[in-house]
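Today I opened this model and went looking for how the pieces pack. Here are my notes, in the order I took them.

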Amino acid sequence: MAGMTRERIAAIALLRWHLFANTIRTTRGQLELISRIIVGLLLLAGGVGGAFGFGTAAWYFVSHGNTEWLALLLWPVFAFWQLFPIFSAAFSETADSSTLLRYPLSYSAYFLVRMAYGAFDPTSLMGGLWLMGIGIGTSLAAPHVLPIVALTLLTFALFNLVLSRTIFAWLERWLAQRKTREILGVLFIGAILCIQLVGPLLRHYEHGNRGQMLRLVAEIVPAERVLPPGLAAAAIARSLEGRIRTGFLYFSVLCGYSAAAILLLSVRVRQEYRGENLSEAGPRAETAPAGNLANSWDLPAFSGPAALVMEKELRYLSRSGPMLFTLIVPLFMLLIFRSNGAFPHQKPDLVFPAVAAYTLILLTNLIYNNFGGDGTGIQFYFASPVEFREIVAGKNLAHVLILLFEIVVAWAGVSWIYKPPSADVMAATLAAILFAAPVNLATGNLLSLYFPKRIEASAFGRQRASPTTVLASFGIQVLVMGTAALVLWLSHGPTYWTATVIFLVLAACSLTGYLLGLARVDYIALARRENLMRELMRA
Amino acid sequence: MDVPAVSTENLTRRFGQLVAVENVNLRVSAGQFFGFLGPNGAGKSTTIKMLTGLLAPSAGTIEILGVDLLENAVEVKRQIGVVPEGMALFTRLTGWEYLNFVGRMYGLDRATTRSRAEELLDFMQLADQPKKLIADYSHGMQKKLALAAAVIHSPKVLFLDEPFEGVDAIAAGTLKIMLQSMIARGATIFLTSHVLEIVERLCSHVAIIDKGRLVAQGSLEELRAGAGSDGGKMTLEEILLRIVGTTQSVGRELSWLE
């Protein structure tokens with residue numbers, strides 16, 4: 001039985017290898033591979049650099065007898081491992097392992113494959129490298145506890161890996177259906193309100209009685225020690241102190257957390273294994289009178305194919321849980337800024353531009369893979385009597401509307417949490433967006449046509465654009481943000497009006513570039529139609 | 001002289017070294033129910049994709065209702081309806097939303113689109129679950145919806161790539177009724193299908209393609225006459241097998257299959 005499972009897993013690994021080898025037969029595939037290598041090297045640099053930093057800190061803590069402080073290193077690793085994949089669905093991908101269900105795969109083998117698919121994502125690799133750094137640093141300071149440190153950190157890594165898979169699997173389940181999506185929305189708003197209290201609470205203790213602050217820390221530390229990062233740190237710390245039994249106890253509880261995470265994940269994976277369908281289809285409904293059916297929208301100032309495509313895009317978006325989740329992330333980031341004091345009261349004006357820029361960056365996931373969610377519908381665009389540029393313009397229009405909505409929400413959030421941004425900051429930010437948005441839209445249109453990638457609107461982990469697109473969008477963001485920073489530096493003064501004027505001039509240039517690019521879309525789309533359809537209609 | 005609904009001249013498509021369609025000269029008169037047949041990989045889907053603007057030809061010309069497709073693609077596309085191999089559906093819309101979207105994209109006004117969408121959903125027996133996403137439709141329901149979308153603007157020429165594939169007998173019956181009523185109203189239908197009985201029953205004219213080359217074209221009677229002295233009694237399947245030849249593995253067995 002074990003032999004058969006091994007053979008099946010080997011067969012799946014071979015299948016993945018063949019799929020990979022076949023993708024690099026084409027020029028596009030080779031470009032994708034190069035992009036993947038570059039992105040991989042960047043991530044590796046972050047991983048190795050982080051590992052060095054974490055390792056140095058761990059060595060310092062342990063060699064100076066502050067072993068408890070290892071928790072200060074394990075918490076950021078834990079937070080990154082769990083939160084980064086959620087906040088950056090564009091960089092995280094889970095392969096659709098459900099296609100393997102047709103084969104005679106046992107549940108255990110399926111579970112292992114499901115785990116293996118997620119083990120090599122950037123977050124896991126970086127988190128793993130950082131833990132390795134902590135392990136090396138600790139062991140250099142106290143070589144005699146190497147086996148215990150290695151075992152504890154391996155268990156902690158396993159816990160993180162499983163928990164991130166579990167969170168993804170459950171989020172996907174909850175976001176797939178309207179009812180659970182609404183509950184999740186309410187919980188999210190609750191979390192927002194709670195986080196609101198954290199900042200003032202910390203400031204109260206910070207500016208108030210130092211004794212109170214210390215008491216609070218003293219109360220938090222034991223609570224922190226019953227959670228996995230604290231447990232891992234405590235297990236290592238006790239072992240270093242020679243209290244092996246106590247250390248083992250902490251280690252056992254950490255194992256318990258890992259087992260619980262595996263169990264929770266197993267509940268979802270077992271449902272998948274049984275062929276669960278996360279569609280929103282309800283029970284067969286009674287015949288609905290046609291009069292009850294909604295008309296297509298009648299938006300003032302919008303008409304023609306572009307308006308129809310925009311409407312279709314907005315309908316699609318409203319039915320994609322992962323995309324809706326992406327749209328509320330900027331608000332979440334705003335609250336994080338607030339709670340960790342990233343923008344102190346002296347500089348609240350910088351919050352609005354920062355959140356607006358972050359909003360634009362998040363939207364690149366949509367903008368840079370325009371047709372990703374269309375699937376076989378792409379054929380309709382080519383068969384319909386509509387110029388392709390009108391279709392692209394409709395998509396761009398939808399994305400601009402979302403961007404405007406997000407900026408209004410960001411403005412409201414900034415005004416509520418901090419104070420309304422001043423007029424010159426507002427003007428400079430909007431002018432900067434007027435410059436940045438057309439640059440992103442124009443580049444996004446080209447990348448959408450040259451490097452399309454089918455995305456699964458309902459699956460949380462299948463929103464990622466092609467590696468080339470990810471790399472190019474990174475380059476564009478560096479360019480745009482660099483230009484914005486340069487403009488702000490050059491126009492440095494008591495107000496931002498000079499910057500506004502410069503941004504408006506740049507906006508005129510970028511808008512012209514966008515329109516010139518849009519005029520070329522028909523030609524490019526026709527030339528690339530076979531590739532577009534092949535990529536987007538892939539099962 | 002009548003303008004043909006579909007005509008091609010030396011239509012060719014190459015994929016690298018492979019010539020998928022070679023010098024195909026088709027002529028489909030207006031009002032014909034035209035079946036385009038051939039074995040797997042013969043070039044049927046490639047041809048229909050080129051005729052509908054989904055694929056660029058490597059060489060040759062295409063005229064639909066006398067208008068050059070490559071020169072006036074938008075004008076031609078207004079006159080035609082297509083059910084391609086992938087069905088061209090936006091699966092995160094409901095059937096109702098999809099038909100409204102398609103109708104308006106073809107330039108119909110809001111009221112006309114609405115009334116036709118209602119009628120089509122009713123005719124195709126898809127009206128009872130208006131809020132169901134297309135992603136949750138069965139294959140047969142998706143085929144019916146794709147056909148409904150292809151005819152919502154009342155096209156003069158309808159291209160169907162395997163419309164009966166994966167469709168049950170009841171749904172196939174609905175599709176046949178709709179197609180026959182379109183022919184009765186003067187439309188031209190160009191379809192590919194592997195279900196030769198249906199083609200034989202529906203189509204007045206047939207073309208056969210094999211290895212990218214057009215090997216026969218004409219009415220069913222003309223094909224029977226061309227098949228030889230005993231052709232008069234032959235079924236379409238027998239004609240097809242005679243024209244393209246067979247390399248069936250008759251008499252051979254798989255060593256491991258008991």
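I call two residues in contact if their C-beta atoms, placed from the backbone, lie within 7 Å. With that in hand I looked at chain B: of its contacts between residues at least 6 apart in sequence, 68% join residues at least 24 apart.

A reminder to myself: this is a predicted model, where local features need pLDDT of at least 70, side-chain atom pairs count only at pLDDT 80 or more, and totals for chains, interfaces and linings use all residues. Residues are numbered from 1 along each chain as its sequence is written, while chains are lettered from A and ligands numbered from 1 in the order in which they are written.

**Chain B overall.** I found nine helices and 11 strands in chain B; helices (H or I, at least four residues) and strands (E, at least two) are DSSP runs, numbered from the N terminus. The radius of gyration of chain B is 19 Å, close to the 18 Å from the globule rule for 258 residues, so chain B is as compact as a globular protein of that length. That radius is taken over C-alpha atoms, and the rule is 2.2 Å times the number of residues to the power 0.38. Buried residues make up 48% of chain B; buried means 20 or more other C-beta atoms within 10 Å of a residue's own, with C-beta atoms placed from the backbone.

**Where the chains meet.** I noted 37 residues from chain B and 35 residues from chain A in the contact. Helix 3 (95-105) of chain B gives the largest share of the chain B side, six residues.

**Helix 3 of chain B.** Is this helix mostly covered or mostly open? I checked, and 11 of its 11 residues are buried, including Trp96(B), Glu97(B) and Arg104(B). Its cover includes helix 11 (304-318) of chain A, along with helix 4 and helix 5 (139-151) of chain B. Just after helix 3, Gly107(B) takes a positive phi of about 90 degrees.

I followed Leu145(B) beyond its neighbours within four places in sequence, and its partners include Gly95(B), Tyr98(B) and Met124(B).

**Helix 2 of chain A.** Last, I looked at residues 27-63 of chain A, which form helix 2. Among its buried residues are Glu32(A), Gly47(A) and Phe54(A). Just after this helix, Gly65(A) takes a positive phi of about 80 degrees.

Technical notes
Buried ≥ 20, exposed ≤ 12 C-beta atoms within 10 Å, placed from the backbone. Expected span 1.5 Å × (residues − 1).
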